[in-house]
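Here's a quick briefing to read with the model open beside you.

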Amino acid sequence: MNLEEIKSIVNQFEPIDLSAMDGVSLMRRVDQKFTLTKKQLKSLLQKMSNDYSCLTIDDCRVFSYENQYFDTEDKKMFLFHHNGKRNRYKIRIRDYVESKLSFLEIKFKNNKSETIKSRINLNFKERKISNKGSDFISEKSIFNLKEIESKLLNSFKRITLVSLENKERVTIDIELNFESANKEISLPNLVIVEVKREKTSKKSALLSLLKENKIRASNFSKYAIGSVLTNPELRYNKFKNKLLYLNKIHPDGNIWNTTF
């Protein structure tokens, strides 16, 4: 299933514009992630058009994103995630390519499994963090600008769906690419679906559909997995099953050469 086929299917969804997205910004939410293949995605999308609208800007429904992730020299944020630490952070700059918007973002996952996202505007593709950005990092995290540095670049394409009935947003990420100082790698067959809802929300058409298709939730951190894939020296025990799955679905066979 190629990108044009995906575009053809999502073009059948009712459109929703950016202004209407304000009601589902969900800066404080609960998330569930699912990893699947493009073939599985095609089957799901063909059954979802009656329950979701699709974010549409200037007739575009598949958008390009770029991330620059930061961490300490000894990768504390990566290790917090690998070790299952609650109350953990991710710090990144995100570029919305088509919209020419950039943000410095901090995601905080608390011990109640809630994700709290904070962000401030940057000039498009700005990489120098200002005093304002430095203060933002110190205020919203346990880190400061002097102790973090760029560790991983990530690009992908995203489709955003919004429930027609509930306060729910779904992101579908495809065409993932990762680059560090050591290596660059692409995952052309991987799809990451994330269902974002208020904690009190109970119903979800997509979650029901995923359950019917026996696709189970599987936490997937782009930063953590991308770091391991591009740096084999990192600890990876917790991510073993995800790495084996990526090997299984990759068109070229194994992309992870470490012997488990």
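A residue counts as buried under 20% relative accessible area, exposed over 50%, and partly exposed in between (1.4 Å probe, protein chains only). This is a predicted model, so to speak of local features takes a pLDDT of at least 70, side-chain atom pairs count only at pLDDT 80 or more, and totals for chains, interfaces and linings use all residues. Residues are numbered from 1 along each chain as its sequence is written, and side-chain values use heavy atoms, with hydrogens and water left out. Helices (H or I, at least four residues) and strands (E, at least two) are DSSP runs, numbered from the N terminus.

**Salt bridges**

- Side chains of opposite charge can pair when their charged atoms come close.
- The cut-off for a salt bridge is a side-chain nitrogen of Lys or Arg within 4 Å of a carboxyl oxygen of Asp or Glu, and the structure holds 12 of them.
- Start with Lys 7 and Glu 4, whose side chains form a salt bridge at 3.7 Å, N to O. Both sit in helix H1 (residues 3–10), three residues apart, which is about one turn of the helix.
- Glu 4 counts as exposed because its relative accessibility is 52%, while Lys 7, at 29%, is partly exposed.
- Next up is the salt bridge between Glu 175 and Lys 38, at 2.5 Å, N to O. Glu 175 belongs to strand E9 (residues 168–179) and Lys 38 to helix H2 (residues 38–45), so this pair ties together parts that are 137 residues apart in sequence.
- Lys 38 is buried, with 6% relative accessibility, whereas Glu 175 is partly exposed at 27%.
- Asp 173 and Arg 158 make another salt bridge through their side chains, at 2.7 Å, N to O. This pair links distant parts of the chain, with Asp 173 in strand E9 and Arg 158 in strand E8 (residues 148–163), 15 residues apart.
- Asp 173 is buried at 1% relative accessibility, and Arg 158 is buried too, with a relative accessible area of 5%.
- There's also a network of salt bridges that links Arg 92, Glu 105, Lys 117 and Arg 119.

**Helix packing**

- H1 and H2 pack at an angle of about 15°, and their axes are 10 Å apart. Axes here are lines fitted to C-alpha atoms, for helices over the stretch in contact, and angles run from 0 to 180 degrees between N-to-C directions.
- That makes H1 and H2 roughly parallel to each other. Angles under 35 degrees count as roughly parallel, over 145 as roughly antiparallel, 65 to 115 as roughly perpendicular, and the rest as oblique.
- On the H1 side, Glu 5, Ile 6, Ile 9 and Val 10 meet Leu 41, Lys 42 and Leu 45 of H2. These contact residues divide into five nonpolar, no polar and two charged.
- Helix H6 (residues 222–230) is mostly covered, with nine of its nine residues buried. Among them are Lys 222, Tyr 223 and Thr 230.

**Two residues and their contacts**

- Phe 13 lies in the loop between H1 and strand E1 (14–16), and it is buried, with a relative accessible area of 2%.
- Contact means heavy atoms within 4.5 Å. Not counting residues up to four places away in sequence, Phe 13 touches Leu 45, Met 48, Ser 49, Tyr 52, Cys 54, Arg 61 and Leu 161.
- Phe 13 and Leu 55 are 42 residues apart in sequence and 9.3 Å apart in space, C-alpha to C-alpha.
- Leu 153 is in strand E8 and is partly exposed at 37% relative accessibility.
- Leaving aside neighbours within four places in sequence, Leu 153 is in contact with Asn 67, Gln 68, Asn 177, Phe 178 and Glu 179.
- Leu 153 and Glu 198 are 45 residues apart in sequence and 30 Å apart in space, C-alpha to C-alpha.

**Positive phi**

- Lys 75 isn't a glycine, but its phi is positive, near 60°. You'll find Lys 75 in the loop between strand E4 (63–72) and helix H3 (76–82), buried at 10% relative accessibility.
- Lys 214 also has a positive phi, about 55°, without being a glycine. Lys 214 sits in the loop between helix H5 (205–212) and H6, and it is exposed at 76% relative accessibility.

How values were computed: Ala, Val, Leu, Ile, Met, Phe, Trp, Tyr, Cys and Pro count as nonpolar, Asp, Glu, Lys and Arg as charged, and the others, Gly among them, as polar.
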